[in-house]
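Q: I'm new to this one. Could you walk me through how to read it, beginning with the way the chains meet?

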Protein chains: 2
Amino acid sequence: MAKFQVGDRSSLTKTYTAEDVQRFSALSLDRNPLHLDADYAAESFFGQRIVHGMLVASLFSAILGTDLPGEGSIYLGQALNFKAPIYLGDTITASVEIITIRSDKPIITLQTTAVNSEGTIVIDGEAVVKVP
Amino acid sequence: MAKFQVGDRSSLTKTYTAEDVQRFSALSLDRNPLHLDADYAAESFFGQRIVHGMLVASLFSAILGTDLPGEGSIYLGQALNFKAPIYLGDTITASVEIITIRSDKPIITLQTTAVNSEGTIVIDGEAVVKVP
């Protein structure tokens with residue numbers, strides 16, 4: 001476990017397009033018109049189409065599986081709080097930071113935070129990962 | 001809130017293909033070779049390629065946004081425990097069940113469970129949703 005330290009961080013940025021949202025709707029079966037129908041969304045609480053929270057939260061999985069902790073890690077859990085809407089065209093930066101390293105087992109907890117280009121937190125939460 | 005009752009349930013089933021996994025890797029940026037590279041995965045803990053947990057967990061979002069509670073609901077949070085691997089070709093049934101309805105605010109909590117065709121729980125957790 002010496003290769004990981006509390007405070008280690010990694011980030012990933014992606015801009016979400018209408019095409020991303022359409023593709024994710026097909027893959028996830030989440031065809032809520034809030035994501036797909038501009039007229040419907042205009043009348044909704046958010047006033048416009050929003051990106052699926054679970055699509056954006058998948059950035060955490062991407063970081064965890066490919067960079068920190070990286071290959072060989074096993075995703076045990078993820079808690080997510082959807083704090084603010086993500087709109088089409090928004091650029092989101094997801095970050096993970098190690099907050100605890102268990103001494104008895106190779107299991108670490110990471111704070112997971114996604115912010116938009118204005119710095120507003122759109123998703124936060126924690127991930128639990130078993131490391132190689 | 002009278003239209004929702006503790007114990008109300010809804011389910012959705014999907015079979016995950018290699019194409020689903022490739023598409024989700026591109027969308028999520030999660031290109032962990034455990035999902036994409038059969039040779040790499042054969043040497044891994046799981047012995048074969050696995051489906052992204054976040055892709056399968058998106059079934060919960062699909063049910064919540066389209067059926068129970070359905071359109072107009074606002075996804076506030078989702079806790080996920082990844083309990084067992086999901087392999088290519090697996091058919092997963094995701095279910096949500098209302099477990100608490102707040103009396104002070106229009107917020108409900110649902111148990112979220114995904115099982116494979118053998119009845120093994122692959123993902124469980126809870127969702128928190130604001131209802132119309």
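Predicted model: local features only at pLDDT ≥ 70, side-chain atom pairs only at ≥ 80, totals over all residues.

Q: How many residues does the contact take from chain A and from chain B?
A: Contact means heavy atoms within 4.5 Å. The contact takes 36 residues from chain A and 36 residues from chain B.

Q: What about polar contacts and salt bridges between the chains?
A: A polar contact is a pair of N or O atoms within 3.5 Å; within protein, one must be able to donate a hydrogen and the other to accept it, and residues adjacent in sequence count only if both atoms are side-chain atoms. Between chain A and chain B there are 11 residue pairs in polar contact (both at pLDDT 80 or more). A salt bridge is a side-chain nitrogen of Lys or Arg within 4 Å of a carboxyl oxygen of Asp or Glu, and the count between chain A and chain B is zero.

Q: Which elements of chain A give two or more residues to the side that touches chain B?
A: Helices (H or I, at least four residues) and strands (E, at least two) are DSSP runs, numbered from the N terminus. The elements in question are β1 (9-15), α1 (18-28), α4 (53-66) and β2 (74-82) of chain A.

Q: How do I read strand pairing across the two chains?
A: Two strands pair if DSSP finds at least two bridges between them. β2(A) pairs with strand β2 (residues 74-82) of chain B in the antiparallel sense, over five bridges. Leu80(A) has Gln78(B) as its bridge partner in β2(B), and Asn81(A) has Gly77(B). Within its own chain, β2(A) also runs antiparallel to strand β5 (residues 121-130) of chain A, joined by eight bridges; there, Gly77(A) stands opposite Val128(A).

Q: How are the two copies related?
A: Copies are superposed by least squares on the C-alpha atoms of residues with pLDDT of at least 70 in both. Chain A can be laid on chain B with an RMSD of 0.0 Å by a turn of 180° and a shift of 0.0 Å along the axis. The two copies are thus related as by a two-fold rotation axis. In chain A, the C-alpha nearest that axis belongs to Ala79(A), 2.1 Å away from it. The same surface serves both copies, as 100% of the contact residues of chain A recur in chain B.

Q: And where do salt bridges turn up?
A: Side chains of opposite charge can pair when their charged atoms come close. Over all chains, the count is 10 salt bridges. One of them joins the side chains of Glu97(A) and Arg9(A) (3.0 Å, N to O). Glu97(A) lies in strand β3 (residues 91-101) of chain A and Arg9(A) in strand β1 of chain A, so the pair ties together parts that are 88 residues apart in sequence.

Note on methods:
Residues numbered from 1 in each chain as written. Chains lettered and ligands numbered in written order. Heavy atoms only, no water.
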